[in-house]
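Hi,

Here is the structure I said I would pass on.

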Amino acid sequence: MDLTLQQPGTGRFAFNEVKEMSYAQAAAMAVLREMEVDSRVVVLGEDVGRGGIFGQYKGLQQQYGAERVIDTPISEAAIMGAGVGMALAGLRPVVEMRVVDFALCGMDELVNQAAKNRFMFGGQGRVPLVARMPGGIWDASAAQHSQSLEAWFAHMPGLVVVCPSTPQDNFSLLRAAMHCGDPVAYIEHKTLWGLRGEVDAGHTAKLGEGRRVRAGNALTIVSWSRQVHVCEQACTELAAQGIEADLIDLRTLWPWDRDMVLESSAPTGHLLVAHEAVQTAGFGAEIAATAAEITGCKVARLGAPRIPVGYAPILEAQSRIDATRVTDAALRMLG
């Protein structure tokens, strides 16, 4: 899909259409839509002019020029710092970090400046910044390119955290993040860029609302990002054994949809949280503890072991939570 030929008003594209597209194309369309209607939206980062390393900005610089789609030097601290300054000056920057592993070089600007500004200055300044930081295991990319760090950002007061799992959500949630008014850690999965699905360009999403992927009453399974698709496969395997699971895609980790999770786990009495991130101190612990405290349901967590992701396939596999592990954990919970 060539976005340069699909600008509104050309007669070739309408934003109320439903189209099949990839996760990357859906993100590019979301940014295109916001740049079209709001001149304050700017993009900055390494290689965004040529479309980004995953094609998530394809065609944008050709449409809006280098003053709004800004190629930067290789300095994550400078990129994030410039984005914070732009936001405080009244722009609405989309800050590209390439992968979350590299974003660690810009953590001070995001965590100490963007996240705290509204609180420390009594609301006089707002930082409506979206920091795009692709996360998760990137096939055969080893320990410095395969981290899942969403729990870090969920831990930081002042940050909103989004983890879309589908092309539709990558369109709708990215737009919602760009309207948020506060800094957003927007974590797309590195291996979902080619995932295809229908995208309704007229659909909107609200931050903090989960999505019920499939309904069931035997147990509740909660996940997000790429792991949702693994859990969906596990639910199919469980259904073949007569066990129907209620699968929830959390979509945003902060705020997270407590009501949906609690309303499901209370009647099922069993909650399994599965995520690709390291299990130790992962966000699954927050969900499990909250559900156990409020509903008294039985809880279990699945996450990666506390090891760096290996380069060799046999080592990388040790950090993956596959459908078989999800199915086995569910069966253990149910006795």
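Before the rest, some housekeeping. This is a predicted model, in which local features need pLDDT of at least 70 and side-chain atom pairs count only at pLDDT 80 or more, while totals for chains, interfaces and linings use all residues. Residues are numbered from 1 along each chain as its sequence is written, and side-chain values use heavy atoms, with hydrogens and water left out. Helices (H or I, at least four residues) and strands (E, at least two) are DSSP runs, numbered from the N terminus.

Buried here means under 20% relative accessible area, exposed means over 50%, and partly exposed is in between (1.4 Å probe, protein chains only). Among the buried residues of α1 are Y23, Q25, M29, V31, E34 and M35.

Helix α7 (residues 167-178) has 12 residues and reaches 17 Å from first C-alpha to last, close to the 16 Å expected. It is mostly covered, with 12 of its 12 residues buried. The buried set in α7 includes D169, R175, F171 and L174.

The sheet of 7 strands

This one is open, with mixed pairing, in the order β3-β2-β4-β5-β7-β6-β12. At its edges stand β3 (69-71) and β12 (252-254), each with a single partner strand, so one side of each has no neighbour in the sheet. Strands count as paired if DSSP finds at least two bridges between them. Neighbouring strands are turned by 20° against each other on average, direction ignored. (Axes are lines fitted to C-alpha atoms, for helices over the stretch in contact, and angles run from 0 to 180 degrees between N-to-C directions.)

Inside this sheet, β4 (residues 92-96) and β5 (residues 130-132) run parallel and are joined by 3 bridges. E96 stands opposite R132 in β5. Helix α1 packs on this sheet, touching β2 (41-45), β3 and β5, and its direction makes about 135° with that of β2. Contact, throughout, means heavy atoms within 4.5 Å. Helix α3 (residues 76-88) lies across β2, β3, β4 and β5, running at about 170° to β4.

What angle do α3 and helix α5 (residues 107-120) make where they pack? It is about 10°, with the axes 10 Å apart. The two helices are therefore roughly parallel to each other. (Angles under 35 degrees count as roughly parallel, over 145 as roughly antiparallel, 65 to 115 as roughly perpendicular and the rest as oblique.) From α3, the contact uses A77, M80, G81, V84 and L88, which meet E109, L110, Q113, A114 and N117 of α5.

The sheet of 5 strands

The other open sheet has the order β9-β11-β10-β13-β14, again with mixed pairing. Its edge strands, β9 (211-214) and β14 (298-304), each pair on one side only. Here neighbouring strands are turned by 25° against each other on average, direction ignored.

Strand β13 (residues 270-278) pairs with β14 in the parallel sense over 6 bridges, and V273 stands opposite R301 in β14. Strand β10 (residues 219-223) also runs parallel to β13, joined by 3 bridges, and I221 has L272 in β13 as its bridge partner. With 8 of its 9 residues buried, β13 is largely enclosed by the rest of the structure.

R211 sits in strand β9 and is partly exposed, with a relative accessible area of 25%. Its contacts, not counting residues up to four places away in sequence, include D169, V228, D249 and R251. R211 and W256 are 45 residues apart in sequence and 11 Å apart in space, C-alpha to C-alpha.

One more helix pair

Helix α8 (residues 227-239) and helix α12 (residues 323-333) pack at about 55°, with their axes 8 Å apart. That makes α8 oblique to α12.

Over to you!

How values were computed. Expected span 1.5 Å × (residues − 1).
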